[in-house]
Amino acid sequence: MLMPLIDDQTPVVHLAHLDHLWFQITGTLCNLTCRHCFISCSPHNNNFGFIPRDEVEKALVKSVSLGVKEYYYTGGEPFLHPDLVYLVCRTLELGPVTILTNATILRDDWLQRLARAEAESPYSLEFRVSLDGYDAITNDAVRGAGTFARTLRGLRRLIDHGFLPIVTVTHVDETLSAEQLYYRFVAMLQEQGYDRPRVKILPLLRLGAEVQRTRSYLPQERVTKEMLENFELDHLLCRHARVVTDRGVYVCPILLEAADARLGDDLTSSLSSFALRYQACYTCYLYGTICANTSSQQRDL
Amino acid sequence: MLSRIALFGGIYNNYLALEAALRDIKRRGVDAIYCLGDFGAFGPHPDRVFPLIWDYQVECIQGNYDQSLALGLSDCQCGYTDPRDNYFARISYEYTYEHTSPQNRQWLGTLPTHRRVQLGRYRVLLCHGSPRKINEFLWESTTSTAFLRWLCQTYDADVICATHTGIKWHRALGNANVVANTVSTENPAIHSCNEGQARPPDWHFVNVGVLGRPENDGTTRVWYTILEATPQLRVEFVPVEYDYQRLAREMREERLPEEFIATILSGWWTTCLEILPAKERKRGRF
């Protein structure tokens, strides 16, 4: 459980509009146990479980009346959910979809169905594939033995089905700058035959398993009211997103372990404002909308 | 009341395409001409754009580029996020800033960020990126119809016209019950929409395209748009042929990046690629 900061310096952020609707579709259940996972997902972590299909469909219906712009499916590993492919196909009738996956359990028949659904939709289907090292040594140290090769096979499979996956790289190797890391991944992916590599560098979130691997946030790493003066609030995910889980609707996918990040039972009751009492909000402040599909850049302080 | 208007955006210093488009618009005949911003970027000789705009009495709004130039900001606020795109954006912005006269930069600062136009029975809202943000990317493949309906309702418009992304598109938004989904007290405009509010049945979003560079389709054409209330809304995207060889020559003389010139000559984008969603990216070569 995350501990909130309790003082009068905590700023409150209102939801401007629900642009991005996230589904924590497989909760904290994942086939991998990555050492940096900010919500400590694993095959055994059932703090959050699978969202039943009818609950997702109910939220989708509501989302249309709320004017939601984009949809995201995350976990855990979303492809563990038996209804994921059906739900993504259904969602593509309403808007663009992004799936955040480790690409290690993809099946050709699923990808064929998804490719067909995207072709019939006016909207994009994006895959964000997590890969945290540019070779087996650097990646597998964080994501587990054999995952580098398995993920590359998954990427190949996605490309063969006509997708242009975005490789999402958590900045675990702090000896390289984000830019160096970006170009190293681009080069590696081109060597692997991905001729149009798309790479997103994701800053470290010092939560969950990552706290054991490196460290937690330092006392000064937090957001205050003063810091949000003249700050473009749209850079904060809580300004325009909510995440549906099997245990209610939360403010963002990062703060699932914060008790007051649960805003309500359903979307309608979860549109209230949120106080940035958690130090992870500092990362969002620093890099801006880290959960978007494009890369984030650290702002000048 | 207006019944037929021409619109374009993203001139990107391409005064040759602008002149060709304006001549074509004049020949076709319209009640008014609108530019939705981004006078500068990519191309050569920014100051050659302004006399044409004034001669043809084009009504203009500000784009993010124009706002940056007017305010003397250090970057174009284009919204790129990856290192390569930002590298080229910086070259383009610095060139444009240095070659735009202080008077013209000042004039850009006088432009509004939105305009409202009555076109037949349609309330048309002109903006650069979106009604809520000057540099918001509203791509065809990542903007849901439900969201566009919400924009129409929130901003009291039947037709929203924008540019910014550089690729034209149109979507008729049909009928649906859109309700406000916010409890924010910060935007009074949002409070104007009430659950179940009756609304006109005929809403549209139109990205009017850009004149500055081809739209990543492998041709050298650029595009503007004619909107007509007949009385139903009619949207016509008009291709413009112009002397792109001369533009490329002048870009080279100005030592602008070969990557920009390649786009003008081939019609394929070579920069600003990482911001493209999957569908739009797949249509291009790179």
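**View 1. A salt bridge between A:Glu232 and B:Lys133 in the predicted model.** The side chains of A:Glu232 and B:Lys133 meet at 3.0 Å, N to O, in a salt bridge (a side-chain nitrogen of Lys or Arg within 4 Å of a carboxyl oxygen of Asp or Glu). Across the interface of chain A and chain B, four salt bridges are found by this rule. This is a predicted model, in which local features need pLDDT of at least 70 and side-chain atom pairs count only at pLDDT 80 or more, whereas totals for chains, interfaces and linings use all residues. Residues are numbered from 1 along each chain as its sequence is written, chains are lettered from A and ligands numbered from 1 in the order in which they are written, and side-chain values use heavy atoms, with hydrogens and water left out.

**View 2. The interface of chain A and chain B.** The contact (heavy atoms within 4.5 Å) takes 43 residues from chain A and 44 residues from chain B. Between them the two chains bury about 3,200 Å², 48% of it on carbon and sulfur atoms, where buried area is the accessible area (1.4 Å probe) that two parts lose on being put together, summed over both.

**View 3. The hairpin of strand 4 and strand 5 of chain B.** Strands here are DSSP runs (E, at least two residues), and helices are DSSP runs as well (H or I, at least four residues), numbered from the N terminus. Strand 4 (residues 115-119) and strand 5 (residues 122-126) of chain B run antiparallel and are joined by five bridges; two strands pair if DSSP finds at least two bridges between them. B:Arg116 has B:Leu125 in strand 5 of chain B as its bridge partner. Two residues lie between the strands of the hairpin, and B:Gly120 in the turn has a positive phi of about 55°.

**View 4. The open sheet of five strands in chain B.** The strand order is 4-5-6-8-7, with mixed pairing, and the edge strands, strand 4 and strand 7 (169-172) of chain B, each pair on one side only. Neighbouring strands of this sheet are turned by 15° against each other on average, direction ignored, with axes fitted as lines to C-alpha atoms, for helices over the stretch in contact, and angles running from 0 to 180 degrees between N-to-C directions.
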